[in-house]
Amino acid sequence: MEITSMSEALQLHAQILKSGRNQRNHHRHQHDLSKLFTFSALSSNGDLTYARLILDSLPSPNSFHCNTMIRAYSRSPDPVKALHFFLSMLRNSPNRPDKFTYPFLLKSCALLGLTHEGKQLHGLIFKSGFGSDRYVEHSLIHMYCACGESGHAYKVFDKMLARNVISWSSMIDGLVDNDRPLEAIKMFEKMLEDGVEVNEVTVVSVLRACAKTGALGVGRRVHELVKERTIGLKKANVSTALIDMYTKCGCIESARLVFNEIKFNRDVFSWTATISGLASHENCQEAIDLFNQMQELSINPDERTMTAVLSACRNAGWVSEGYTYLKTMHKKYGVWPTIQHYGCVVDLLARAGHLSDAEELIRKMPIEADRVLWRTLIWACKVHKDMNRAERLIKHLESLKMDSNDDCGSLVLIGNVYASAGKWHDKARTRELMNKRGLVKSPGSSKIEIDGAVHEFIVGDSGHSESERIYAKLDEIEEKLKEEEYQPKLYEVLLEVDDEEKAFQLSHHSEKLALAFGLIKTSPRTEIRIVKNLRSCEDCHAFMKVISKIYERDIIMRDRIRFHHFRNGECSCKDYW
């Protein structure tokens, strides 16, 4: 009988026990127990604890049983159990690990970020003679990339004798996951040069890299490749990746076209990607209209869909609508609110100046608030100049247990709030604490793609090959701004320096360097697209508006939250960001 539920599994187990263990039924029992074990271990309707009980009851479990248990643990919420079971297997079982054992162990190391244990497994693999097995090699590449050890991943890749599309795709995907998208794009281009046939997995991975870097030219070439070779053309995952790439590269029109071309297999992911894209490009009403259309077609939203809907409300400043969606989403759509959903509404309230309501929502949430939510509210207090509330919330934030990443983000924010209030002593104390803990703020960076190559700038960058021309262009821009009587927003510089130094600091922000480079390298009246890793400051936002008018350029800038379309001195966000 085919098992489809644990109820049926328990019935089968009862029959096995009832029929006894005579010799005539022995082989049948073994077959049924094995089937029962496999279902319990691997089925989404199974029970992993029950599977382990069955395994422990088997008189002589074989390699298949051991590998199945390791595989099941690697897919579980607690993948470290795969490693514990493996150690027990080495100590107590006559079964030796084989080429099917190691990929699941490496997967567990990748999920947990266990570099040291992954390297130990690599040593065992080498000693056991499985180092040249293709699937083991792919698993090693994935593990090293996931653990931030791309150098070791390259070494495994370079030693491979039978490189194929899977090995190339594993390397590309691993680099994207390890936040090295530019390297992933270069590897993809090398893959094409070597004549390796790409598949849909490769396409999705490289489109993710394009989305991260804003490499629109590369993304368009990949789209052409998809159409020419019909690579996953009818697959929802490829369409969704294309929509996401075009959205994040600032081409919402192209994203719309891809969505409209999906005729028969629009799934919740493609709908969500499009709704999210429209929201991030300030097409908030269109995003909500599309969500309503999705409902009419009886496509159930998931958590990400509701995040996209709430993001549309946040970006448009629709306070009552955002509240309504949050309150009714479980009853109406069957989706329980998560910390991300509450975060959207807290941000919505905070931006609109409803600081008391935002704080009350955080305190009354059924989920424990994380540091990001408190930081969102504290930043809004800075913007709306409510220093009493900000200082009270800072004390609460400082009382929370933090990891190193949260430490850095929280302390930078606290220092900025104190600086904006002119409390330089408190800012210095915060800076001292960061230094003591060895924390370094990640620099703001901006990327711009020119002729298929992505150029990255950081604040005050002088390492670019065309730095002289870039700074000369900035001088030219400054003269034109003076003619327009533009006044830089000096209060954005949170340092205790004179106004001249503040103006100098502002003029060298990374997005301004990227813009100057774009003005040099592109033809008049063409669009300039910039991708920034942080939220834009008020001075850079005002700067971009004026430049779009002076140079008659459309400037599309993506910051950490949304897109800004600057045209003729105005921004699509209407200064609400």
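**View 1. Helices α18 and α20 pack side by side.** Helix α18 (residues 303-316) and helix α20 (residues 339-351) pack at an angle of about 0°, and their axes are 9 Å apart. The axes are lines fitted to C-alpha atoms, for helices over the stretch in contact, and angles run from 0 to 180 degrees between N-to-C directions. Helices (H or I, at least four residues) and strands (E, at least two) are DSSP runs, numbered from the N terminus. α18 and α20 are therefore roughly parallel to each other. Angles under 35 degrees count as roughly parallel, over 145 as roughly antiparallel, 65 to 115 as roughly perpendicular and the rest as oblique. On the α18 side, the contact is made by Glu-303, Met-306, Thr-307, Leu-310, Ser-311, Cys-313 and Arg-314. On the α20 side, Gln-340, His-341, Cys-344, Val-345, Asp-347, Leu-348 and Arg-351 take part. Contact means heavy atoms within 4.5 Å. The residues of this contact of α18 with α20 divide into six nonpolar, four polar and four charged. Here Ala, Val, Leu, Ile, Met, Phe, Trp, Tyr, Cys and Pro count as nonpolar, Asp, Glu, Lys and Arg as charged, and the others, Gly among them, as polar.

The model is predicted: local features need pLDDT of at least 70, side-chain atom pairs count only at pLDDT 80 or more, and totals for chains, interfaces and linings use all residues. Residues are numbered from 1 along each chain as its sequence is written, and side-chain values use heavy atoms, with hydrogens and water left out.

**View 2. The whole chain.** The chain has 29 helices and six strands. Its C-alpha atoms fill a box of roughly 100 × 55 × 55 Å, taken along the principal axes. Of the 577 residues in the chain, 50% are buried. Buried means under 20% relative accessible area, exposed over 50%, and partly exposed in between (1.4 Å probe, protein chains only). The chain exposes about 28900 Å², and carbon and sulfur atoms supply 51% of that area. Accessible areas come from the Shrake-Rupley method with a 1.4 Å probe; for residues, only the protein chains shown count as cover. Among contacts between residues at least 6 apart in sequence, 63% join residues at least 24 apart.

View 3. The axes of helix α17 (residues 284-296) and α18 come within 9 Å and cross at roughly 150°. That makes α17 roughly antiparallel to α18. α17 passes α18 in a left-handed crossing; a crossing is left-handed if the near helix is turned anticlockwise from the far one by less than a right angle, and right-handed if clockwise. From α17, the contact uses Cys-284, Ala-287, Ile-288, Phe-291 and Met-294, and from α18 it uses Thr-305, Met-306, Val-309, Ala-312, Asn-315 and Ala-316. By class, this contact of α17 with α18 has nine nonpolar, two polar and no charged residues. Ser-298 lies in the loop between α17 and α18. Ser-298 is exposed, with a relative accessible area of 62%.

View 4. Most residues other than glycine have a negative phi. Ser-298, although not a glycine, has a positive phi of about 60°. Glu-485 also is a residue other than glycine with a positive phi, near 60°. Glu-485 is found in the loop between α26 (467-483) and α27 (499-507). With a relative accessible area of 66%, Glu-485 is exposed.

**View 5. Helices α15 and α16.** Helix α15 (residues 252-261) and helix α16 (residues 268-280) have axes that come within 10 Å and cross at roughly 160°. α15 and α16 are therefore roughly antiparallel to each other. The crossing of α15 past α16 is left-handed. Ile-252, Arg-256 and Phe-259 of α15 meet Ser-270, Trp-271, Thr-274, Gly-277 and Leu-278 of α16 in this contact. The contact of α15 with α16 has four nonpolar, three polar and one charged residues.

View 6. His-281 is in the loop between α16 and α17. His-281 is buried, with a relative accessible area of 3%. Leaving aside neighbours within four places in sequence, His-281 is in contact with Thr-247, Gly-250, Cys-251, Ile-252, Phe-563 and His-565. The C-alpha atoms of His-281 and Arg-562 are separated by 6.5 Å, although these residues are 281 residues apart along the chain.
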